[in-house]
Amino acid sequence: MSSAADLLAPEMRDVLDRLAAESGPQPDPTTLPPAEGRALAEEGNKRWNDGTPAMAETRAVETSAGITAHVYLPENDAGKDAVLFIHGGGFAFCSSATHDGAARQLARECGAAVVTFDYRLAPEHPYPAGLEDCLAIWAARHEVLAGRRWSVSGDSAGANLAVAMMLRLDGQDLPASGLLFYGVYDADFNSPSYRAVADGPGLTRDKMRRYWDFYTPEAGRAADPYLTPANAPDDMLAKLPPLYLNAAQVDPLCSDSARFASRLHALGRQDEFEIVAGVVHGFMQMSLWLPQSVEAYRRAGEVFRKIT
């Protein structure tokens with residue numbers, strides 16, 4: 001009987017082997033006290049910021065929301081668009097610093113400014129604290145860069161927050177488009193991908209259970225569209241701007257994206273959805289070593305220019 005690991009692309013397998021050789025056995029950060037888990041995640045993600053594109057300018061802007069915005073202006077910035085990028089990390093880990101490389105890649109491939117920020121993290125700040133911070137920085141976005149058309153993007157839990165933010169806006173003051181990477185859109189731990197990739201490689205079902213428990217109690221998850229957008233009513237989904245979604249094939253969350261895309265397509269929407277073969281959750285962080293990551297950013301930029 002084949003395992004999830006049998007589906008790995010050779011390049012993905014090489015990256016995982018290299019990580020194991022460089023870092024050795026690592027504790028599961030979700031089983032550590034939050035501060036220790038975060039420190040481990042920060043350290044592990046530093047390597048992915050090496051070798052990423054130089055920017056024409058980077059700067060920090062203090063907003064009236066009390067949140068610092070980090071601005072990335074690429075060499076090919078057309079001066080027209082900006083993308084608010086919301087980092088992933090299970091609602092509990094990672095930061096604008098861990099996703100510095102991701103912001104740079106996205107800025108270059110979109111030919112647009114990218115803005116990142118740090119939102120409050122669970123479990124100390126459970127739902128809806130992080131979502132409220134996303135709404136606050138969105139409301140203050142023109143303080144950061146005026147005269148731009150704004151879109152939103154996010155990876156993993158950041159994609160969940162991006163969609164939840166758009167749903168909360170309820171058709172008013174919406175982003176022009178959304179770029180969503182291997183997002184958390186449901187909390188069904190018996191979905192096909194949760195069963196197939198329950199034990200990894202990479203993200204596991206048990207880790208996702210803990211991330212969800214950090215963020216919010218189980219009761220009510222499925223009924224709250226700002227927690228599980230795949231369950232949102234049709235009328236809410238219909239108001240969303242044009243979206244691009246991707247998913248990693250070897251990822252417990254793959255079915256989340258597939259189900260969410262299916263809901264969107266059932267409404268007659270034309271949102272693009274792609275599954276990237278042979279890669280694990282978080283693969284877009286790995287552009288330093290993984291060609292599929294580089295291609296995923298290129299593809300996101302291509303779709304961005306088409307739908308925005």
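Q: Which residues line the largest cavity?
A: The model is predicted: local features need pLDDT of at least 70, side-chain atom pairs count only at pLDDT 80 or more, and totals for chains, interfaces and linings use all residues. Residues are numbered from 1 along each chain as its sequence is written, and side-chain values use heavy atoms, with hydrogens and water left out. On a 1 Å grid over the protein atoms alone, a cavity is a set of points where a 1.4 Å probe fits but cannot get out, and lining residues have an atom within 4 Å of a point. For the largest cavity these are Met166, Leu167, Asp170, Gly171, Leu174, Met236, Lys239 and Leu240.

Q: How do the residues lining the largest cavity divide by class?
A: Ala, Val, Leu, Ile, Met, Phe, Trp, Tyr, Cys and Pro count as nonpolar, Asp, Glu, Lys and Arg as charged, and the others, Gly among them, as polar. The lining of the largest cavity then splits into five nonpolar, one polar and two charged.

Q: Which helix gives the most residues to the lining of the largest pocket?
A: A pocket is an open set of points with protein on both sides within 12 Å along at least five of seven lines, and the largest has a volume of about 1,200 Å³. Of its 37 lining residues, the closest to the centre are Leu19, Pro29, Asn45, Gly202 and Lys207. Helices are DSSP runs of H or I with at least four residues, and strands are E runs of at least two, numbered from the N terminus. H1 (10-23), H2 (34-45) and H8 each supply at least two lining residues, but the top contributor, with five, is H2.

Q: Are the two faces of strand S4 covered or open?
A: In a regular strand the side chains alternate between the two faces of the sheet. In S4 (residues 113-116), Ala113 and Val115 on one side and Val114 and Thr116 on the other are all buried, meaning under 20% relative accessible area with a 1.4 Å probe on protein chains only.

Q: What is the handedness of the crossover from S3 to S4?
A: Strands pair if DSSP finds at least two bridges between them; S3 (residues 81-86) and S4 do so in the parallel sense over three bridges. Alanine 82 stands opposite alanine 113 in S4. The chain passes from S3 through helix H3 (residues 100-110) to S4. With the strands pointing away from the viewer, a clockwise path from the first strand over the helix to the second counts as right-handed, and this β-α-β crossover is right-handed.

Q: How many residues of helix H4 are buried?
A: Among the buried residues of H4 (residues 129-139) are Leu131, Cys134 and Trp138. The buried residues pack against several elements, including S2, S3 and H8. In total, the buried residues of the eleven in H4 number eight.

Q: Why is valine 61 classed as buried?
A: Valine 61 sits in strand S1 (residues 57-62). Beyond four places in sequence, valine 61 has contacts (heavy atoms within 4.5 Å) that include Ile67, Val71 and Val144. Valine 61 is buried because its relative accessible area is 15%.

Definitions and conventions
Buried means under 20% relative accessible area, exposed over 50%, partly exposed in between (1.4 Å probe, protein chains only). Grid points are joined across faces, edges and corners, and a volume is the space filled by probe spheres set on the points.
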